Amino acid sequence: MSKTNQVKEDTKSVFQNKGSRRNFLKYSGAGIATAGILLMGCEDNENMVPDLDGVVNLGSGDVGVLNYAYVLEQLEAAFYINVVTNLYRNISDVERTMMEDLRNHEVAHRDFLKAALGSNAIGELTFDFSSVNFNNRESVLATAKVFEDLGVAAYNGAGKLLQNPDFLLIAGKIVSVEARHAAAIRSILDSDPKSFAGNDVIDANGLDRAFEPAMVLNAASTFILNKINASQLPTS
Amino acid sequence: MKIFQLLEMYSIKPETLDTFTSRRNAFAKLGSFGKKVAMAAIPVGFASVAGNKAYAATMEPLDVLNFALTLEYLEAEYYTKGLAASGLIPAGKDRAIFELIEKHEVDHVAFLIAGITASGGTPVSKPTFDFTVGGAFNPFGNYEQFLALAQAFEDTGVRAYKGQAANLMSNKALLTAALQIHSVEARHASEVRRLRGLKGWITQNERGAGMPEATQAVYNGENNLMQGGVNVTTVTTIGSDGITESFDEPLTKEEVLTIAGLFIAA
């Protein structure tokens, strides 16, 4: 089985394990109908139609920015699903609970964004985690650290691109949780007690990083098999 | 317990804060603090009239920065005093952590003062803080209490910045800078919580083991399951604990001032 299929299988198994038929119905039914309301009034999105060449087009305006967030949450969710279904050797109870929590949080973010975007949501992406050794603690936590720090910087940089204050607030609700994750991962991975907010990520003014989407997507592209078109995202 | 008398004195009844009157009263009792934060022109109570949204009571960007500066003054002084209290913070890992947090808060104060000045505003002056709340707490003589208040301040900081983001949308540079401070506060919160043996994130509206009851206002509302009009429980298989951990909630300016006001003597 290829790595990509492995991720799909793992994703499926999580929903089979945790999600009963009732949950499936819950997921596919009224929730989505309600959720569609969230983005009503945003521009109608003809660019959600996949490009003929299979490139995933994020779209424009706030929809584009939320789809960009949805890319990152899909990535993180798929990663932690892999981590939890294939826990690294000799994992401690505290770290196992942490990995399960992070999996839950990222899946919740992913599912929420999908619902919020409704018919404007991009499809499910496929990922390549072949560079990660899931049996190895260092490999898993080092990757988690990259993802969490990247997520923080991505949301910090994307805030100014949003037009709707409701979406900005939601992005704010998510980014601080990503920052809590980043600090926790750094704290268990790194021996430096100051790593949780280390000067590799926090500057001399005490500010965290803020990245533009192009930079974030470029960094994330190592793990994403789909080609993503972010050219319509707002730039300022 | 003395803290309850103090809460009475400040008219702080979290369960009634949603009403116009109690908000106005709570705010009025904070007295000089309110003036210092330079919000005289803001009709307090609009938040509840216009809808229960963190940004419903709009503040101009400069007022937001002064509001943020007041919180950063509080945090910076707290950690500076904590580090100066002999024998309080254990050497090694704990001390390294608080040295870094203190550095960031001091940096935030300087950054905000520079930003307010550069924007043509006047930075508010530092209030006089009383971290003992009239003797109810002993944070600089008791490390457990020091940690508990640190957790409360950091979790409040996260919620406070989040609640003001929308008020900075007209100035993208300020918004981005505020978000960059916001995530640093969240890193601090996570670390302090974990140092106290808790998870780095907030489950439901639990303040966590060992937190004084007086800090519950910091956690009220964190059990929200509705995001952007979506009941998140209907769109995911993740349970409500996980959902509440996944979204940090904002606090209104008034809620933040009620919490911070406890520690402001003048």
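Predicted model: local features only at pLDDT ≥ 70, side-chain atom pairs only at ≥ 80, totals over all residues.
Which residues does Gly64(A) touch, not counting residues up to four places away in sequence?

1. Gly64(A) touches Leu58(A), Gly59(A) and Leu233(A), once residues up to four places away in sequence are set aside. The glycine sits in helix H4 of chain A, residues 61–85, and is buried, with a relative accessible area of 0%.

2. Next, helix H6 of chain A, residues 137–158. At 1.5 Å a residue its 22 residues should span 32 Å, and the end C-alpha atoms are 31 Å apart, which agrees. Of these 22 residues, 18 are buried, so H6(A) is largely enclosed by the rest of the structure. Its N-terminal end is capped by Asn136(A), which places a side-chain oxygen 3.0 Å from the backbone nitrogen of Glu138(A).

3. Now to chain B, which holds 10 helices and two strands. Read from the N terminus, the order is α-α-α-α-α-α-α-α-β-β-α-α. Chain B has 266 residues, 60% of them buried. Among its contacts with a separation of 6 or more, 73% are between residues 24 or more positions apart. The chain exposes about 9600 Å², with carbon and sulfur atoms supplying 56% of that area.

4. Chain A brings 64 residues to the contact and chain B brings 61. About 5200 Å² is buried between the two chains, 64% of it from carbon and sulfur atoms. On the chain B side, Arg187(B), Trp201(B) and Thr237(B) supply 16% of the area buried against chain A, more than any other three residues.

5. Polar pairing across the interface comes to 25 residue pairs in polar contact, both at pLDDT 80 or more. The elements of chain B that give two or more residues to this side are H6 (93–118), H7 (143–164), H8 (172–195), E1 (226–227) and H9 (240–246). H8(B) gives the most, with 18 residues. One side-chain polar contact, at 2.6 Å, joins Thr236(B) to Asp111(A). Thr236(B) lies in the loop between strand E2 (230–231) and H9 of chain B and is buried, at 3% relative accessible area.

6. Asp101(A) and Lys199(B) form another salt bridge, with the closest N and O atoms 2.9 Å apart. Asp101(A) lies in helix H5 of chain A (residues 93–117) and Lys199(B) in the loop between H8 and E1 of chain B, so the pair joins two chains. Asp101(A) is buried at 7% relative accessible area, whereas Lys199(B) is partly exposed at 35%.

7. Finally, two salt bridges within single chains. Lys160(A) pairs with Glu212(A), the closest N and O atoms being 2.9 Å apart. The lysine is in the loop between H6 and H7 (165–189) and the glutamate in the loop between H7 and H8 (213–220) of chain A, so the pair ties together parts that are 52 residues apart in sequence. In chain B, the side chains of Lys103(B) and Asp107(B) meet at 2.7 Å, N to O. Both lie in helix H6 of chain B, four residues apart, about one turn of the helix.

Methods:
Residues numbered from 1 in each chain as written. Chains lettered and ligands numbered in written order. Heavy atoms only, no water. Expected span 1.5 Å × (residues − 1). Buried < 20%, exposed > 50% of the residue type's maximum accessible area, 1.4 Å probe, protein only. Polar contact = N/O pair within 3.5 Å; in protein donor to acceptor, adjacent residues only side chain to side chain. Contact = heavy atoms within 4.5 Å. Areas by Shrake-Rupley, 256 points an atom, 1.4 Å probe, with all protein chains shown as cover. Buried area = accessible area lost by both parts, 1.4 Å probe. Salt bridge = Lys/Arg side-chain N within 4 Å of Asp/Glu carboxyl O.
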